[in-house]
Amino acid sequence: MQSGVEGLEDMSPEEIRAKYPKWFGTFPYAYMNGSLHLGHAFSLSKVEFAVGYERMKGRRALFPWAFHCTGMPIKAASDKLVNEISKFGADFSGYRDEEEDIGDAPQPPTSSVTQSNAPKLEKGKLAAKSGGLKYQFQILENMGVERSEIHKFADPVYWLRYFPPIAKADTASMGARLDWRRAFLTTDVNPYYDSFVRWQMNLLRSQQKIAFGERYTIYSPKDGQPCMDHDRSSGEALGPQEYTALKMEVSQWGERAAEVAKQLPEGSRTYFVAATLRPETMYGQTNCFVGPAIEYGLFQINEKDVYLCTDRAARNMAFQGVTKERGVIKKLASVKGEALLGTKIKAPFGIHPEVYLLPMQTVLATKGTGVVTSVPSDSPDDYINLMELRKKAAYYKIDESWVQYDPIPVIETPTYGGMTAEALVKKLKIQSPKDALLLAEAKDQAYKEGFYSGTMLVGDFKGQTVQEAKPKVRDQMIAAGLAFPYAEPEGLIISRSSDECVVALCDQWYLDYGETSWKEKAAKLLAQMNTFQPETRNAFEQVLGWLHQWACARSYGLGSKLPWDPQYLVESLSDSTIYMSYYTVAHLLQGGVEDGSVVGPLGVKAEDLTDEAWSYIFNDAAPPASCNVPLEKLNILRREFRYFYPFDLRSSGKDLIPNHLTFCIYNHAALFPEEHWPRAMRINGHLMLNGKKMSKSTGNSLTMRQSVEKFGADATRLSLADAGDSIEDANFEEKTANANILRLHTLLLWCEEVLSEAEVGKLRTGAKTSFWDKVFENDINSYIFEVEKLYEKAWYKDVCKFGFYELQSARDLYRDATAAEGGMHIDLVKLWIRTQALLIAPIAPHFAEHLYRKVLGESGSVQTASFPKPSAAGVDKAVSDAAGYVKEMVKTIRDAELALVKRKSKGKAVSLKYDERARKAVRIFIARSFPAIQDACIAAMRSNYDAATNSVDDAAVRAALTEQGLLRDKRAMPFVMAFKKRLAEFGAKSFERALPFDERETVKAAEGYLKRTLGFEEVILEDVDEKREDIEKMDPQDKKNVEIAEPGSPGFVFYNIQ
């Protein structure tokens, strides 16, 4: 828009876009707490290759990038440094290897990490991200930061100054076509972006998309705030899992639990707390399970109540309003599960009012509460364990009376009746509780059958569907004081501060994702958006199905303050949903000064950008009634946005689908009109290195800079393109990168040498009329058409295949085929080199630039050149088929000769006198027509062919062939079946069997190539019809080879020259 082209002022953005087409691609800004790794380069390359191609197609292609600094990681790291400096000094000279890990003043533990499981944590993702180093200053030193400079990182703002220049240098070394005029930092360090984020949040709140209330959230007790995806070292994309916690009061302690009972306050009530996902089945409880080896705790909940569960579960409950004081758990005693066996407890809503505690080896301390109530009618695990205990009561040291209750039908299902678990155990032939895989399958089937098709057989909601009854039973239990809501993380989540997170009930501001009307709008946006692959669309649809209520504020870290509640900061996944739109105006507001400390070229101050001004720029709002920014300048910003937006592509890894990318969809649906909704998102898998997951801790890692230094920019880029394009994990092979270095170097030398030969007249000139000239030029055109389609589809691995590797194979064929026929034509050689440079320019720009300017001597840059145009309107099919015919003939002759030699070696062709090592020749027999039996079969199929369904009436074809007496011919039906396969692939055009080229003339034209390639001194061309008498006198094997000849598939006879 600010291009200096006259006349644009009087045109609308839409009119300008029609005259000067645009393309706008984006890639998630990287977090500025370290250097960019090869995974960044992989996702970035997808936009990088696209922007190079789009420029060649004449579009105004924009690829900006910025730096993300919002959230906890930088602040947490700087705080660690403050502690380390206080202990070791600013130069860390006080550090000794034997020093213990540092921390704040002694405090109660906030994690369930213990001596026994700490090593598992150290070897996990946390260690991978730091290379296993213990202190923050060591991590920075390992990154290449001088120790004398490390103390400066105690100021979190210093990180924002240090790493962006490194990121710029690294991407520049790779040759990225980034527009750094539009770069910016997030957080309130940058007043312009801070203003933009505050406008976004205010607008969402005005639309009632942001609400406040108590809700479950993943929470770090150590950090004292919610722990969102970007705040985690492990457990990204995991959320709260909600249960119904049953209060199963002890009515009689077992003999083995006598000592435990003595430790409890007099007059207290003790409850085993069992977490269930199926409260509607509780009528059928027959017993309750504990893990014999699990250590349980008894926790004082209030003056009268004591809960028995695992420490982990109690810690979660403490942040959900269950305990008397938030976050505080009072443990009265510990007890192994084995000691609890035989204890009698009350079963809420159970038909059997009391049940016994029994052992179950598969109870997990890391899931639920460690207490599992048993409903063997509907749970395959419960059923098989109950049967096992009944058979082996003595072995498990239990009293037979403890397992006296039979399963009770609770839910009726169409498939399994009232005893779903028993039916599935028998159906899947499950023999014992050790059949884990089969039990998992049975559990899944039982739940789906019960939930979607089940009907209640007992209780107040008898006759209702399970889907109707489930919430009602739960509400009844809670109202009766027999249960309470409980939630925990879906899996292990570790914060960046090394804390094991819990689920907490928090009063917080949250984005109301999942709200019906908003969700419908987001789904509409997704339906209109190009996702390139069905797997990507399916992944987005799944996330839209479950995502709801995302906390958008936190109290610790870096970021922009929540406008209406400045005690909170906007969290890192909520200030990064629509920033792509900010790129369109960032260069005018900030002029490339990332922190916005200097007023940009448009002369607009950050404090003058009111919410009304932003709404005018990015929405259809009226001009602000009162604003210090002149309307003329607002219109410039508005026109910039309307020209470039929406973005045409966003490239990212699949791990961001459950959060950032789906949030991007939601926020665009809410804040922008449809014409500014995203056009496409291209999602890639993770990048492996040499077939293995990249990890610093294992040494299998490579940064962007290391790769460029090791292999060079273009070899790295080619290898990234070759790594893969799907949502599945891709692989960067260092062997491939090394091979690409050699391949580029060899190709460059060849281009220089061949043009040097041209200067001294060693290449052919004049008319380009030979068969191989036509084939070569046609091949070049074919690859131009094919590669253009592949660039449009963003399939860069195939771009390399056809536009680099196979294009060179076409050159090799031309070079070899013309070697004894005057050599290559100078014009075609130059055309090939130029085409090679242009086709690979988006992927290997430095190599292409050298070819284009230095080798070919072009005056301009390949970066401003257009995509190559074919020399013809289309690919000449006759020439392509003729070339393919020759290539296939070479292969067929080789195979036939090899087969003959093998037969001789086995004594199966002793009458043949052919010696492949002597002077040799070949007779090529060409047939003018197809066998009569084939023509008859095709006629029968053609007359019974339905073009609408692309099928033939088999019965009618058989009848027609029978009428002609052809069905008895053993050749008929095999040919019919083979032709039907061809028909399924190519349709009606399969009936047109005439060759598009002159077979005889093609063989004549290729005679020299055939001689050289196959080593024959003579190539004799024969006509099958003219040589019938000779054929009858041939050796039986030769005769057989000739008789199968048909148009496009000649026969061969080998002989020696005396």
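This is a predicted model: local features need pLDDT of at least 70, side-chain atom pairs count only at pLDDT 80 or more; totals for chains, interfaces and linings use all residues.
**Helix 14**

I looked up helix 14 first, which runs over residues 436–453 and has 18 residues. From its first C-alpha to its last I get 25 Å, close to the 26 Å expected at 1.5 Å a residue.

I then asked which residues of helix 14 are buried. They are Leu439, Ala442, Ala446, Glu449, Gly450 and Phe451. The cover over these buried residues includes helix 12 (380–391), helix 13 (420–427) and helix 15 (466–479).

**Cavities**

Rolling a probe the size of a water molecule over the atoms shows where empty space is left. I counted two cavities of 30 Å³ or more.

The largest cavity has a volume of about 40 Å³. I list its lining as Gly52, Arg55, Met56, Arg177, Ala841, Pro842, Val862 and Gln863. By class I put down four nonpolar, two polar and two charged residues for this lining.

Around it I find Trp772, Val775, Phe776, Asp779, Ala810, Leu813 and Tyr814.

Which helices each supply at least two residues of this second lining? I noted helix 25 (771–793) and helix 26 (796–817). Helix 25 gives the largest share, four residues. By class, the lining of the second largest cavity has six nonpolar residues, one charged and no polar.

Terms used: Residues are numbered from 1 along each chain as its sequence is written. Side-chain values use heavy atoms; hydrogens and water are left out. The expected span of a helix is 1.5 Å times one less than its number of residues. Buried means under 20% relative accessible area, exposed over 50%, partly exposed in between (1.4 Å probe, protein chains only). Contact means heavy atoms within 4.5 Å. On a 1 Å grid over the protein atoms alone, a cavity is a set of points where a 1.4 Å probe fits but cannot get out, and a pocket is an open set with protein on both sides within 12 Å along at least five of seven lines; lining residues have an atom within 4 Å of a point. Grid points are joined across faces, edges and corners, and a volume is the space filled by probe spheres set on the points. Ala, Val, Leu, Ile, Met, Phe, Trp, Tyr, Cys and Pro count as nonpolar, Asp, Glu, Lys and Arg as charged, and the others, Gly among them, as polar.
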